Amino acid sequence: MDLKYSWLFLMLVFACMERPADSQDSGSALETDATWIQDSRPLPDQDSLFYLDQPAPLFRKEFGTTGEIKQAKLLITAAGYYQAWINGNAVGKNVLDPVWTDYSKRIYFSEYDVTSLLQSGDNCLAVTLGNGFYNPLPLRKWGQRNLRTDLEKVGKPAWIGKLILHFENGSTQEIATDTSWRFSYGPLVKNDVYLGVTYDAGKEIKGWQLPGFDDNSWDQALQGGDPGGQLQKAFFPAVQVSREIIPESIYSPASGIWMVDMGVNFTGTYRIKLTGQRGDTITIRFGERIYADGTLNPMTAVAGQIKRKGMGGPGAPDIAWQTDTYIVGDAGESWFSPEFTYHTYRYMEIRGLASPPRLEDIRGLFIHSNVKSANHFTCSSSLLNSIQEITERTFLANLVGVQSDCPAREKFGYGGDLNATSEAFIYNFDMQAFYRKTIYDWVDAMNDTLFVDTAPFVGINYCGLSWESAFLITQYYLYLYYQDTGIVKELYELDKHWMQKVARIHPDGWVDAGLSDHESLAPVPVKLTGTCHYLQCARIMKTFATLMGDTEKAAAYDTLAGKLQSMIRTEYWDKPVSDPINRQTLFATLLYHEVIPEEQVPAAVDSLRLAVEKAPAGHFITGIFGTKYILEALSRYGSPQLVYDIVNSTAFPGWGYMVDQGATTIWETWKESDNTYSNCHPMFGSVTEWYYRWLGGIRADPEHPGFKSFILAPFMPEGLDSVSCTYQSPFGNIVSNWHRETEHRIIYQISIPEGSSAQIILPYVQARITQIRKLSGNRDLDHVEGLDDGRFTLEGGDYLITISTDD
């Protein structure tokens, strides 16, 4: 069978398999009696014309109701973005909905309870559409990548929806999209997820969202615009405004220019009160930084590094910075908040105001996928707390439907960043549903002939296995942390097929093409990191095959893992590496992936420590993967105290250095960048995984996935007085808090969810456990097996453990 079509066949099989919740049935319910509709304006036939005004279409339909409404729900989605209103009231809290997918494969719809928005008698349902990632500008990022040709499906925005009314008398009424809807064009004359919006308030249509509006001059909607993807009900957290950010200051660096400092770098939009005369143009630009003279530096958040004339293609701006434009309508005050775009910024530059803006008239709106954040980590080190704070902010700023590498320049879902940070994200937020969606994005993005770098696919395919393997590795972390066996069973056949693809592309086992330890301060061959990712995948597939009862495949994957491990050991351990290489990444990778024989591990640890000592300030110089590896490997096999000392330092390179330089989100590079590299990049956020695993000591047990049984092994470094750490497991809340009560006494408070158990591993050098008290019943535990060597098991409950460090 042709390779391309064998993958397509598997996709058809996959489409018929298990789905989250009731997405298939609900999709059918939405499509019954509802059709995709759109406006009549054709898309431009030349690239340059896309940059001219293309007002967002407005759709409306009035309907009457009789009788008392028991419940009403709206099912709605779009190719692009939508915003809906009923009787002038916004429907739901979602923004930038639906989230980005390959629209030719699947489209998620939302379901809203709108009972409270309806009234007896006449009602109006109104919708406006935005371009989103379905109708992107033909910006040539880096001078060559054009989403209009790279995406699988682009086109003119369209939408489909159905309002279902249930009455107290048992009857129902449905209002669905069809050609009876009316449309016109509104004040949002330009909208783009990268460049921003232009809003002409003089073109506002008063009352169009309300019943009784005269729409006789409006045109009838056209049937069409179905992008082809399967409709599925959204099962993951929606993108929403999570909080408002109050600006810290407003100042004027030059005449006619006002700068607003939001205090922190974040992703989202804003709300601002504007005044002026009709026709006045107010321009707002955004940036992560300012120059020494206080003026805006937008260059680290420029879309696609487009920074010179002609680079972005016909019609594109010379510099693709984030900009919103507001044209004043009627004189007086009006509030403005842009739709269908999002920016990454700390600073706003405002031009065109007749009078100074006021702090109370501006609010930043932090927008991201609204993942639950019941987990938390704090400690007695203010620096570590600051690192945790900027890491969490960076993570959330890069969750807008996909987990991006940077939320301004690219907004793409790169697999390498996912492999580096997914465990860190899981420790901080409930990522199960979000990562399920992410895995489906990879299913839709992949093909049977080469590796792709992002999901959804945007035409980039040079990073290799270390990026596409996120498809498989993320499945494993859902299994490990949430005991999500459903995703494994659902995708097992596809997983096996993917491993066959890897074997075809790399028949001798060496992954010798692609990107390696990105942003390492010294060279790292992809042959090392890529082949270790292949080894990791082989071990994962052995686990999956065992779970599926596939003993033959489990043995085959075990053999493959043994072969790869032996190859890597021979090439990178048994003989000297003569080529230039980052020796920190080298030894950390070998240790993390357990390539080195147990009896030779101490020699590898010595080599790793020497590599650290020789680095600037004795710090880490690792990149995207090496940083995750060195944090774990040096702690597990060497000295977690050394790791703590490095993390808790403001010297370069390091996280503390970023904080000391004023960073409020994590940089893309260890070196500070004021022109090229993103200042909001989650790659080095793997440090927060180390917080939870080592300072909090909360670790999943691969033998008991889903925290049925888990490990509590906090490291209590010199120089740190306390840690407060919680993690919401499938069984309930895990607590691991410790503090130094006196110089020689540590109090360790833990909570183990009922129905689970924990293996406690406590530091036992010159220490002894003097008391274990179970708080329920307020009783001391005697005769705990393993207590003498600091390794013992406790069942569900709340405990206080006293540790004496007297000599």
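A: Searching the whole structure turns up 40 salt bridges. The model is predicted. Here are some of the pairs in detail.

Take Asp261 and Arg346. They form a salt bridge, with the closest N and O atoms 2.8 Å apart. This pair links distant parts of the chain. Asp261 lies in strand S20 (residues 257–274), Arg346 in strand S26 (residues 343–351). The two are 85 residues apart. Asp261 has a relative accessible area of 8%, so it counts as buried. Arg346 is buried as well, with a relative accessible area of 15%. The cut-off for buried is under 20%.

Next, Asp102 and Lys105. Their side chains meet in a salt bridge at 3.6 Å, N to O. Asp102 is buried, because its relative accessibility is 12%. Lys105 has 34% relative accessibility and therefore counts as partly exposed.

Then Glu360 and Arg358. Their side chains also meet in a salt bridge, at 3.7 Å, N to O. Glu360 has a relative accessible area of 48%, so it is partly exposed. For Arg358 the value is 40%, so Arg358 is partly exposed too. Exposed would need over 50%.

Glu360 and Arg358 also belong to a network of salt bridges. Lys273, Glu333 and Asp361 are linked in that network with them.

Why can such pairs form? Side chains of opposite charge can pair when their charged atoms come close.

Key:
Residues numbered from 1 in each chain as written. Predicted model: local features only at pLDDT ≥ 70, side-chain atom pairs only at ≥ 80, totals over all residues. Heavy atoms only, no water. Salt bridge = Lys/Arg side-chain N within 4 Å of Asp/Glu carboxyl O. Buried < 20%, exposed > 50% of the residue type's maximum accessible area, 1.4 Å probe, protein only. Helix = DSSP H or I, 4+ residues; strand = E, 2+ residues; numbered from the N terminus.
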